Amino acid sequence: MTTKPKRPWPVEPVLDMADIQGIAVPGFFKPHQVLLGLLYQRTPERLEALLGFLRDLTPQVSSAAVTLRDRRDFRSGARKTRTKRFPLIAIGFSFHGLFDLTPGADAIPSPAFKNGLARRSALLGDPTDPKSPGHPNNWRVGGPTTELDILIIVAGDTKAAAAACAAKLEKALKAIKVRVVREVGGVRTDVPGEKGHEHFGFDDGVSQPGIRGRASNDPRDFITPRHVDRSEFPAAAMFGYAGQDLVWPGEFVIGYPQTGPDPLIPGPELAATPSWTRNGSFLVYRRLRQDVGLFWRTMRAQAKRLSRLPGFEGLYDVELAAKLVGRWPSGAPLSRTPTKDIDKLGHDKLSNNHFRFDSDTPRLKLVDGKDSFELAKADPIGAACPLASHIRKVNTRDAPSDTGARSSTYERRILRVGVPFGPSAKDRYAKSRPGKPDRGLLFLGIQSSIEEQFEFLQARWMNDDSRPKAPSGHDMIVGQNSPTADGTRRCVLFGAGLAQAEVEAADQFVTPTGGGYFFVPSISALTTVIAPSSPRAAK
Amino acid sequence: MSLLGTYDPPAQMSDYDSIPGQRQAWHRFVQESFDYNIGQVRKKLRPLKGSKPQFYSATSLDPDGALIEQAVIWNAFPKELLRRYGRARALVEADSLWPLSAYFYDWRYDPDVPADTGADPDGTGLPDTYFYRPTVEYCEWHVDRDAASGRIDRVTFTSEPPEYWIAMFGGKQDGSKVDFPGDPQLALDLYRKLVNPAVEMADLLVKTPFTSPFGALKPGDYNPHNKWNTTHGIAHLSAPPNALTAEINLAAVATVLYEDAAGTPTVDPDAFIAGTDMGGPNRNSDPTIASTVNVLARSGAMITLANPVGLYMDHIDLAGWEVPGGQSAKDWVRVVRGQERLIERLVVGSPTDEFDVSDIRIGGLPVAFGGQIAECITVKLVGVAAALNSVKNGRLKLPSAGFVDPANAREVFGRRGRPTGTVQAFAYESDEVAQKTLAQRRSFSANAKRWTR
C-alpha cells in the first residue's frame, strides 16, 4: 500500500506588525515619494527640539500593520478608503545621526552602516577621481560634508498628498533650525506606455522578493499573498507570485530567521545587537543620475556594430538593451520571449516573473488565473538571457553562483522601494549636458545587512566581469567603470548559432549623486530609546 | 577540432621541464584520473540501459560541434566557516590551522578546545600532530605576522594542487600507478625560493609513518603537511579536499542525472550536492561546480575539463582598497606563479619597507586577517561542454538528502555523519519524502510555538 507523502510545509513566523516600520514590511510601493534629508545641529537646545519633533512624528510613522492594510485596501479596490488615508511615513537614521541621540548605536555590528555610504563609495566602484561627478565630494547630498543624519520618507498615492504631508514636516523642521534637503520622486506618467518604467524605459521592480511570514496567528494570513495552487508542491511553498521567491524575514528585519540551506526550513535567527534593534532594518539610499541620451546612443551604435557580425544580423537598439537588462521594456523576461517584447506578458504578474535560468520552467496551477504564455527553457549559458544581464547579475534564481548553491541568492535579496525622479526625456537619443535636466532613480533598498546584501550585489556581482557566473561580463546598466582594468565595462552576448560578441561601454549610464546608509528602527525603539516620550534623566 | 595530445601541468608551469619524463608522467597521471572517473560514472549508469558517460577525456574523444568553454568560479573565503560561525569568528578560524584528526568529523571539533578534535570514537587514523587549513575552497593562504607587533607583513595565497608537488618528489601517489621520476632537490630549491631560505630537505620528509589524506606516508616520503607548508609557510594546497583529483572526480560524477520519487528531475543545486554526497554542500565551490556540470549534462552535453587541468585564482578584486603612501593597490599584489587569470600563487605585501599589509584598508576597515583579502579573490576551474543535446541519459533516484538542525539550520550535514536532532533537508527533492517528514513537522510545530506570540 502506498501512502500520499506528507509535505513539509514551512510554518512561517508571525512578524511584529505593530512595531516594524511599514517601509520594511511589506514595503512602501506608492507611486509618489518625498525624501526629506535632515542635518541637525548638536547644541543641547537644538537636540531637545529635535527630540520633541521626533516624539511628535513617531505616532505618524507607518507601521507594518498600517502599511499592509493600506496595500490590501488598494488591492481590493477600496479606493475611497485609500485616498482618505494619510500618506505613509518612514524614518531612518544614519550612524552619526543615531549615535548623537543614542550612543548605544555604537554597538550595532555593521561596519558599513558606521562608516557610511560616502566612505564605502570606492568599494562600490564609484569614481575615485575627486573631479568626477560621481565622486562623493561632488554629490548633491550625503557627501563627506553633507552626510545626512536622518531620512524621512513620505509616500503618497498622489503627488499632492505626498507633497502636502512633506511640507508640513518641513515647516516643523525649519522651525527648529534643522536643515532639510528635499528630493521629490514619482512614478513616470508623462510618456505613454511607460508608466512605472524607469528613465531608460524599462518596467522596474518586477521581481521583488516576497517576505515570508504572517501578519497574525491566522495560519493563512501571509504578508506576501500566495498565488500558486497548493497542489503544486514545493512551488506553492516557495513563491508568492510564481517565480517570486519567498525569503525568510530575517533578510529584511532584524530578529527573525534568515535563509538556511533548505528554503523551506528556517535558518538561524538574526540576533538583535543591541537588543533594541529588533524589528529594525537597514535602508540604503542611492541617488542615481541616469544619462538617457548616452544610454540609447550607445545601444544604437553598439547594435549597429553587432548587427554586421554573423549571428547578430538585424539586432536593433531596443533588443540589445533588453539583452543587457534581461527583460524587454514591458517587463517581459527574455527567458520567456527571447526575440520580441510581449506587452501582455510584461504586465501579467502571474507570468512575468515565472522563469528559471538553469532548468526548464514547469507550468504551474495558479489560484487566481492562468499563465498561458510560452514557458522558459533551460538557459545555463545565457543564450536567451545573457549571464551579464542585469537581472541575472542580481538574482541568480535557481542557478548556482560564486557563493555556492541556490540558497546564496536568497541571502542577497533586497526589497526595493524607490522611485524615479526628474522629467522624462523627450528624445531618448538627445545629447545634453550631464545632469541637465537632472533625472534618475531615488534607489531605496531594505535589508538586514548592508554588507551582505546591497554592497555585495553592487561590488561583488554587478561590478565584476565574471561573478556571479562566468563567462559573463559587467552589469552594463548599473555597473560602475572604476573597478574595471581599463575603465570600460564589457560583456559577452550569444547570437544565433552560439556566435559570441562583446559589447562595451567606456562611459557610465548611471552616476551616483548622493545617498546614505540608514537604520530604520522599530517604532518601540523610537519611543523608548531614540526619542523617549518621558524626558531623559540628566546626565 | 582534433584530439588533445597531452595534459599539461597546471597553468603550463615549467618546473617539470628540467626533469626528464616528468611532463609525460604528469600527462599519464591526469589521464589515469580521467579514465578512472569515467569508469566510475559508467558503473553508476549501469542500471540505466542505454546511458553512457557524459564525462570524457579530450585525449580520446573529439565530440562534434562547437565547444563552449565554461569557467566555474567561486569565492576563496570558506563558506563552511561562514555558515558555522558567522563572519567575525570565521575570519579567525580561516587564518588558523586545525589538527588533521578533526577533519572527518569537523562539525564535532571546537577550536576553543583543541585537545578534543572530535575524531570518530574508532579513530579516523589521521594524526593530531599534523595540521590542515579549514579553507576548503581550493585556495589556501598563510599570514606572515611580525612577531613583536602582530602586524601582517604579507599574505601568500596558493591554488597549486598537492599532487603537483608530491609528483615533484618522485614515485607513485596514493591510488595511482604512475611513477614520477621527480627531483627532490628541485622541490627543495623551490621551497627555499618561495617559502623560506632556511628550509632543509629533512623538514620536508616524513620521519615517522602516519596516515595522511594523501595516503599512508612512510619515512622518506614527501610530507605535504610539513611545517613549511602549514605552521611556518605555504607552498601548495594541503587541506584534504583541496586536490586536483577531487576536482576531476567531482566534474565526472556530477554528469550523472537524478530525479525524485515522482520522476521529477533534480535541479536544485543545494539538494543535488547534498543528496548525492559528492562534495561539501556548505562550500562555495563544490555545489557550484557540481551544479554547473549537471546543468550542462541535463542539456545533453558531453563534458570535460579544459587543458591544462588545474585549480586557479582567477582574479583579485581591489575595489575599495586603500593603500598608504600614494601607491596603487595593484603594486601590493604580485602574481608569483601561474599566469593571468590562471594564478597559482599570489602574494599581497607592501612594495616598500615603510608599510605593511595591516596598513591596507578595504571599505575603510584595516586588514586584520588574511581572510579579508581572500574575500576579494575568485577561484576557478575551466570546464568544456560539447555536442549539446547529443546525449539522452536516464536518471537515477536521488539517493539521499542532507540533514539540518531544524531550530538553527546553518549548515547541511550528511557526508561525515550528523548531529543528533537534525532532520532531513530538501525532503521534497529526494526519494524519501514519504518516509522522512514526520520528525520535520514536529520540529516545525515547535518553531511555530516559539514564534507565535
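1. First, some housekeeping. Residues are numbered from 1 along each chain as its sequence is written, and chains are lettered from A in the order in which they are written. Since the model is predicted, local features need pLDDT of at least 70 and side-chain atom pairs count only at pLDDT 80 or more, while totals for chains, interfaces and linings use all residues.

2. Let's start with α8(B) itself, residues 269-276 (helices are DSSP runs of H or I of at least four residues, strands are E runs of at least two, both numbered from the N terminus). This helix is mostly covered, with 8 of its 8 residues buried (20 or more other C-beta atoms within 10 Å of the residue's own, with C-beta atoms placed from the backbone). Among them are B:Phe272, B:Ile273 and B:Thr276. After the helix comes B:Asp277, with a positive phi near 60°.

3. What do the buried residues of α8(B) pack against? They meet α14 (407-410) of chain A, along with β10 (258-259) and α9 of chain B (contact is C-beta atoms, placed from the backbone, within 7 Å).

4. The α9(B) partner, residues 285-298, packs with α8(B) at an angle of about 105°, with the axes 9 Å apart (axes are lines fitted to C-alpha atoms over the stretch in contact, and angles run from 0 to 180 degrees between N-to-C directions). That makes the two helices roughly perpendicular, a label for angles of 65 to 115 degrees. B:Pro269, B:Asp270, B:Phe272 and B:Ile273 form the α8(B) side, facing residues of α9(B) that include B:Pro287 and B:Ala290.

5. Now the domains of chain B: domain 1 covers 1-97 + 133-399 and domain 2 covers 403-451, with bounds from an automatic or database domain assignment. Their C-alpha centres lie 32 Å apart. The contact takes 15 residues from domain 1 and 11 residues from domain 2. Which helix gives the largest share of the domain 1 side? It is α8(B), with 4 residues. That side divides into 5 nonpolar, 3 polar and 7 charged residues.

Conventions: Angles under 35 degrees count as roughly parallel, over 145 as roughly antiparallel, 65 to 115 as roughly perpendicular and the rest as oblique. Two residues are in contact if their C-beta atoms, placed from the backbone, lie within 7 Å. A residue is buried if 20 or more other C-beta atoms lie within 10 Å of its own, exposed if 12 or fewer, and partly exposed in between; C-beta atoms are placed from the backbone. Ala, Val, Leu, Ile, Met, Phe, Trp, Tyr, Cys and Pro count as nonpolar, Asp, Glu, Lys and Arg as charged, and the others, Gly among them, as polar.
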